Amino acid sequence: MPDGLPTVPDPGGADLSHAGAQTYAAEWARTARRLGFVPVGAAETERLLLRHTVRLARALLAEPFTARPAEEIGRALVEAHLAEPRLLDWSVTALAERFAAQVLPARAQLPGTAERVAALSGGLAGGFARALRDRTFSQQERIARSVGQARDSVEKALRDSEARFRAVFTGAAIGIGIADVDGRIVDVNGPFADMFGYSVEELRQIRVAALCHPDDAAAMRELYQQLAEGRRDSARAEKRYHRRDGRLVWTDLALSLIRHEDGRPRFVVAVVEDITERHELQQRLRFQALHDPLTGLPNRTLFFETLGQVLDDAGPDDRIGVCFLDLDGFKAVNDSLGHDRGDRLLTVIARRLAECVAQHGHLVARMGGDEFVILVDGGEGLDDAVAVAEMALAAVSAPVHVGDQQLAVSASIGIVECRAGETSASELMKAADTTLYWAKAEGRGRWAVYDPERGAQDIARSALLAGLPAALDRGEFVVHYQPIVSLLDWSMVAVEALVRWQHPELGLLGPDRFIGLAEETGLIVRLGEWVLGQACRDAEAWRRTFPDARLVVSVNLAARQADDPDIVETVAGALARTGLPAGLLQLELTESAVMGTAGEPLRSLHRLADLGVRLAIDDFGTGYSNLAYLRRLPIHCLKLAGPFVEGIRSDDAGGPADHRDERIVDALVRLAHALELWVTAEAVETEAQAERLRALRCDTGQGCWFGPPVPADEITARLRAAR
């Protein structure tokens, strides 16, 4: 049982009805729970009220009689928080109407009982009322005391807060200012005044707008208006201001809105830090990051940043141009005069370029090394970009004095000009770089204009160039063979091996599309070795199948292959692996490869001839052969260049015959025979040409008339048909 609710003594006895008291207390407890809040459980409430019931009954029977116990019970009800007024009404009414009859047995009913019950009812009500009044007074006193204490605490906290703010305000190392919503300065601290060069009193007489930098006035006015109207509570930005002496001060500005208790904007507090030195350092660092340290011109980063901004701001029909400039032969200047003088030359060139286009407002940047770029913004078309390029070439070409040296300098320029909406920064510069190399390839000291069609060809060429190594690894190359026919009996005596690229996307590509690329990259050595091996394998297969045919396979050797120190071992290895007799292999070399750059024959030719391999000079007559050397070379065959054969026609061949070509062919055939060389005519396209060549005693012919290049199996079928 909870504390404070002792066990109720047995209400039985001669003067009390046990059952009646229990019933009365139970009904009293139920009424209390029904009419209001009861802080304890039902059993505890019933035991409490049973105790009061018993005490009321004994007070009713006591001699001498007194109503004091009823007053104490009324006070006890309030102290037990059974203070609902309706419960008092029920208690008084029940006590007056049925208490005595229900709790006292009939024998205990005495004369004067009704008067005693009335007195008890009054005592109960009086005690209840006085206790309730006393409790109310006590609560009011506690509330008043709490309010006073709270007020004292708030006032003390406010005084402490104001003291702290004043200490921060006056003692802070950074500037703090307070202004009202109309922009009038209310107060500032010392650092704020020192920062702007005014006294505190002077600043209290002016408005916030008077301190703003003219270029920032509109933005600051809008920002302050947003704070003053309560649309935002804070803001932060880097802002510049003019000091009283006119000097510029950069600040880190933090603004905060202070409101009235009802939420209305009241003050704006500004915390201002002087960051002028930091800002100037950042500007210096940014300049260094975006400018070339040698020439002082904008660097690559700043150029692309500017170009991107121009493209973003341009309308779809606005024109934009780029002149990409590279000095011709600058490496030779560095190598011969030293990098110091080379740097001085670059400085002079940079200054000239900047001066020649400055009046037109164009940006000049150094891209690196001896490369410069001019951004032609706002031009009317290609003519404007060309005019800028010509000005730049003229500025560069003037003699440059570096120390005691006078240098003549030239440059090449790639020009790209188009609508801004049709390009991007990367595409523009890629096209400019491509065009620059076109200009250099055309002779230097000039400009070239970007041609989209030519650019597309270059892109395709670059794609092929990049795909060559993988294509060789994946086995995408195939060898086709073109018949070489005897002009005496029209029999096929040899075939020329011609490589093709079976490209997975572009189809079958002829050698004109990729041989030059292979020579540029050096891949021609690997590719040539593969072609040689494949041709030897196919030729050995034909020899085994058609031993009587004695078909010779002719393989081209590029200049780089012929100059390879391992060429003899490569050829010998191919013959050894395939089993092909050396006499059935012919290697074709150009005149320049055979004669060498100094007119000396290649040392490897004699070693190849010693293997038993046949050697032929391809496209004979287009170079500048030294005949004295030619007769001492181990050459077996001359292949006459196609242009000579094209001029040979019969009188009824549909066009005029060029007798000069015929006389040249006749002379070359006679010369070759005099040197005991075999002669093959290339590019034979008509029967009339074949007949004239036979009449001129040419030995063999090759061309479309005798058959185009075909896969190996078609050569096999032709050999089988000739049996």
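A: A residue is called buried when its relative accessible area is under 20%, exposed when it is over 50% and partly exposed in between (1.4 Å probe, protein chains only). The model is a predicted one, in which local features need pLDDT of at least 70 and side-chain atom pairs count only at pLDDT 80 or more, while totals for chains, interfaces and linings use all residues. Residues are numbered from 1 along each chain as its sequence is written, and side-chain values rest on heavy atoms, with hydrogens and water left out.

The part to look at closely is helix H3, which runs over residues 68–79; helices (H or I, at least four residues) and strands (E, at least two) are DSSP runs numbered from the N terminus. Its twelve residues span 17 Å from first C-alpha to last, close to the 16 Å expected at 1.5 Å a residue, where the expected span is 1.5 Å times one less than the number of residues. Within H3, the buried residues are Pro69, Ala70, Ile73, Gly74, Leu77 and Val78. Just past the end of this helix, His81 adopts a positive phi of about 70°.

In soluble globular proteins, nonpolar side chains tend to be buried together.

Leu587, leaving aside neighbours within four places in sequence, is in contact with Leu532, Val555, Leu557, Val571, Leu608, Val613, Arg614, Leu615 and Ala616, a contact being heavy atoms within 4.5 Å. In the loop between H17 and strand S16 (552–556) sits Arg550, which has a positive phi of about 50° although it is not a glycine; this residue counts as partly exposed because its relative accessibility is 48%. A positive phi, here of about 60°, is also found at Glu676, again not a glycine, in the loop between helix H24 (659–674) and strand S20 (678–681), and Glu676 is exposed because its relative accessibility reaches 71%.

Glu476, by contrast with what its charge might lead one to ask about, is buried, its relative accessible area being 10%. This residue lies in the loop between helix H15 (452–474) and strand S13 (477–486), and beyond four places in sequence it touches Ala471, Arg500, Trp501, Gln502 and Pro504.

Leu375, in strand S8 (residues 371–377), is buried because its relative accessible area is 2%. Beyond four places in sequence, Leu375 touches Phe303, Thr306, Leu307, Val310, Ile320, Gly321, Val322, His362 and Leu363, and its C-alpha is separated by 9.4 Å from that of Gly361, which is 14 residues away along the chain.

Phe303, one of those contacts of Leu375, is itself buried with a relative accessible area of 0%, whereas Phe304 is partly exposed at 25%. The rings of Phe303 and Phe304 form an edge-to-face pair because their planes stand at 80°, with their centres 5.7 Å apart. The structure holds twelve aromatic pairs, where rings of Phe, Tyr and Trp (its six-membered ring) pair if their centres lie within 6.5 Å, and planes under 30 degrees apart count as stacked, over 60 as edge-to-face and the rest as tilted. One aromatic cluster is formed by Tyr24, Trp28, Trp90 and Phe99.

A last point concerns confidence. The mean pLDDT, the predictor's confidence in each residue from 0 to 100, is 84 for the chain, and 92% of residues reach 70 or more. Over residues 1–14, however, pLDDT stays under 50, and the model has 22 contacts beyond four places in sequence for them. Where pLDDT is low, the predicted coordinates should not be read in detail.
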